[in-house]
Amino acid sequence: MDRLWSPWRYAYVKAERPEGCVFCGALSRTDGPENWVVRREPHAFVILNIYPYNSGHVMVCPSRHVTQLADLTADEGAALFSLAARTDRALRTTMAAEGVNLGANLGRAAGGSIDHVHLHLVPRWTGDTNFMPVCAETKVMVQMLDATWDRLRAADWGGVAQ
Ligand SMILES: [Zn+2]
């Protein structure tokens with residue numbers, strides 16, 4: 001795939017990491033700009049990536065702090081993938097994504113920086129590798145996070161059995 005150029009991620013690379021798990025911390029806070037959680041379900045949730053590779057970049061996580069895929073129960077694994085499937089649909093319907101990259105970096109050696117298992121979903125549009133650098137200002141990205149949170153929060157999350 002073409003590589004997305006995302007200079008705003010430099011702030012993330014440079015940032016000091018907070019104590020504890022950022023995903024468990026986010027779950028303990030109110031949904032909105034406090035934590036950027038767009039969808040909560042009993043076994044899984046969706047959270048915006050605040051240093052996105054593209055507008056609408058989200059992560060789908062198990063609600064329980066699990067560091068290995070193999071540690072998920074069958075119910076948790078099914079709930080995680082069900083929510084990932086509906087997140088794919090939500091990105092296509094609310095943001096008109098033409099495609100979605102789905103992936104996971106399992107372990108530090110694979111590029112993982114947060115131990116809590118999570119799947120990345122990055123919406124893609126034809127030509128976005130050319131477009132995104134144009135809106136690389138941090139201020140613009142923060143406004144995009146607000147708008148993205150509102151749109152995804154209002155998505156139709158039903159239709160796939162839990
Ligand atoms: Zn955690």
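Mentor: Let us start with burial: a residue counts as buried under 20% relative accessible area, as exposed over 50%, and as partly exposed in between (1.4 Å probe, protein chains only). The model is predicted, so local features need pLDDT of at least 70 and side-chain atom pairs count only at pLDDT 80 or more, whereas totals for chains, interfaces and linings use all residues. Residues are numbered from 1 along each chain as its sequence is written, and side-chain values use heavy atoms, with hydrogens and water left out.

Trainee: Why is Glu41 called buried?

Mentor: Glu41 has a relative accessible area of 10%, and buried means under 20%, so Glu41 is buried.

Trainee: What makes the pair Glu41 and Arg39 a polar contact?

Mentor: Their side chains come to 2.9 Å, and a polar contact is a pair of N or O atoms within 3.5 Å, of which, within protein, one must be able to donate a hydrogen and the other to accept it; residues adjacent in sequence count only if both atoms are side-chain atoms.

Trainee: Why is the site of the zinc ion called tetrahedral?

Mentor: Cys21 (SG), Cys24 (SG), His65 (ND1) and His116 (ND1) coordinate the zinc ion at 2.0 to 2.3 Å, where donors are N, O and S atoms within 2.8 Å of the metal (3.2 Å for Na, K and Ca). The angles among the four donor atoms are 103 to 117°, and four donors count as tetrahedral if all angles lie between 85 and 135 degrees, so the site is tetrahedral.

Trainee: How do you know whether His65 and His116 are buried or partly exposed?

Mentor: His116, at 0% relative accessibility, is buried, whereas His65, at 37%, is partly exposed.

Terms used. Tetrahedral: all angles 85-135°; square planar, octahedral: opposite > 155°, others 65-115°.
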